[in-house]
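Dear colleague,

I am passing on the structure below, with a short account of what was found in it. Please read the notes with the structure open beside them.

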Amino acid sequence: MAYSDKVLDHYDNPRNVGGYSNQDEDVGTGMVGAPACGDVMKLQIKVGADGIIEDAKFKTYGCGSAIASSSLVTEWVKGKTLDEALAIKNTEIAEELALPPVKIHCSILAEDAIKAAVADYRTKQTAANTAVEAA
Amino acid sequence: MNRPIYLDYAATTPVDPRVVGKMMPWLFDNFGNPASRSHAFGWAAEEAVELAREQVAALVGADPRSIVWTSGATESNNLAIKGAMQFHAGRGKHVVTVKTEHKSVLDTVRELERAGCDVTVLDVQENGLLDLEAFRAALRPDTVIASVMFVNNETGVIQDIAALGAICREKGVLFHVDGAQATGKVPFSLDELPVDMMSLSAHKTYGPKGIGALYVSRKPRVRIDAIIHGGGHERGMRSGTLATHQIIGMGEAYWLARDSMGSENERIRSLRDRLMNGLMTLDQVFVNGDLEQRVPHNLNLSFNFVEGESLLMGMKDVAVSSGSACTSASLEPSYVLRAMGRSDELAHSSIRFSIGRFTTQQEVDTVIEKVSAAVNKLRELSPLWDMHNEGIDLASVQWASH
Ligand SMILES: Cc1ncc(COP(=O)(O)O)c(C=O)c1O
């Protein structure tokens, strides 16, 4: 199968590989997919006090298109508010990377990873706020 | 362009230049139809086809008259199984085969099932081998035919054809063997093996694509219906003008294989061991399939925590196959490895290396380097590798399915 130049570029030079500690309160972690399906994406966002995503990191087990999709979204979410990040659609990811139809699920997974990371961050914040109120 | 290193000999082999040389004169100079009885063009072609029949028969230890030309092992598998079920419809409608067979057997029996036959598809053991007692237990009074492959195309595992055939004889069941991956790799003689039919292909053994044969035993005499009808060629079992140049190519390829098999297998075994030892220095690498009951040409490895397709991408200069069929919409890993009870992760992480006549030690060393680099790179990217290193059992994790 032929890969698009953009997929190849992300595969050869993946952006923002790595991770933060799950314990950090300003970090939201999304882990989606399953080894049995052949892809697992872990996306972490680090959110500033102003509610803007300062940084993002990923690790992915999966095909080249899955790696490229997650690498791309780490670039895209940076500098966005949480709601702006949630507005990123899988179709935009697929279009940017010129994914063929059989690889659309990779872009869906990347969108799910953003949602999961934001949800995790928000849960942590709510828990922290409740803890503060209770104190 | 720099060509990739070819380690996919189980998919197909280059046509040996000596074979190409033998085929060439039969395209323009000697173009006759072997079925033309009335002139020298036909006679010459017929003589060459009969010589090729003898060459093919010699490699597999059979009577040349038991060789029926076909377009390849796919057609031979169809002919053997459908032809036997049709001819022996009065005897029963049960057919037995194995989960790790080639699709040309599995899809054929599925088609028969739609047409009203009873189909049993047996499991294999973890090493890929069939359990003889389970096989015996599956044969019923109404079983017409059992079909088991000699050498598996994905793992190179060799089934115990002599023992399986003996069970079939005892139970009065026809025994068909898909030998596509065995020729030139496993020495055997059909005169001695209790096998009724065997499918053969040229292009896995340095012959051209699009030509194969079905061995149909004469002693004991095996009878099947044709599935392709026409001029009654090949004693009525397979009509269609014989592809003279292809047949001559197959004959020469099998003749060369018979000559070189012994020394070639030893050379290939040492290359395979070199490749295996080189790659097994990586952590968490597993061999799929029995290592003893296996042709030396095959090395099927799972690189845990690395997905197969991304690994293929990381070794662009190496031509191999992945057991991960993520390229299809189904996202299903290799059914052969799944049938062996491999976890989905390991099945998704598998690569089949297959070595052949033209593989060099230099190539093997380059492949070890490239694969190791790609595996290390992808593990750096893999959240599963991190989890493994943190001591997390992946089986205990609740994965969100999608
Ligand atoms: C075990 C096995 N059976 C059958 C076939 C099909 O052979 P052919 O390509 O000659 O139709 C192959 C090769 O693809 C094979 O490996």
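**Cysteines and the ligand site**

A:Cys63 is buried, at 0% relative accessible area (buried means under 20%, exposed over 50% and partly exposed in between, with a 1.4 Å probe and protein chains only). This is a predicted model, in which local features need pLDDT of at least 70 and side-chain atom pairs count only at pLDDT 80 or more, while totals for chains, interfaces and linings use all residues. Residues are numbered from 1 along each chain as its sequence is written, chains are lettered from A and ligands numbered from 1 in the order in which they are written, and side-chain values use heavy atoms, with hydrogens and water left out.

Over all chains there are zero disulfides, a disulfide being a pair of cysteine sulfur atoms within 2.5 Å. The closest cysteine sulfur to that of A:Cys63 belongs to A:Cys106 and lies 3.7 Å away, which is too far for a bond. For B:Cys117, which also counts as buried at 14% relative accessibility, the closest cysteine sulfur is that of B:Cys168, at 17 Å, again too far for a bond.

Turning to the ligand, 14 residues surround it, with B:Thr74, B:Asp178, B:Gln181, B:Ser201 and B:Lys204 the closest (a residue is near if one of its heavy atoms lies within 4 Å). An oxygen atom of the ligand lies 2.6 Å from a polar side-chain atom of B:Thr74, and a nitrogen atom of the ligand is 2.6 Å from an N or O atom in the side chain of B:Asp178; a polar contact is a pair of N or O atoms within 3.5 Å.

Best regards

Technical notes:
Polar contact = N/O pair within 3.5 Å; in protein donor to acceptor, adjacent residues only side chain to side chain.
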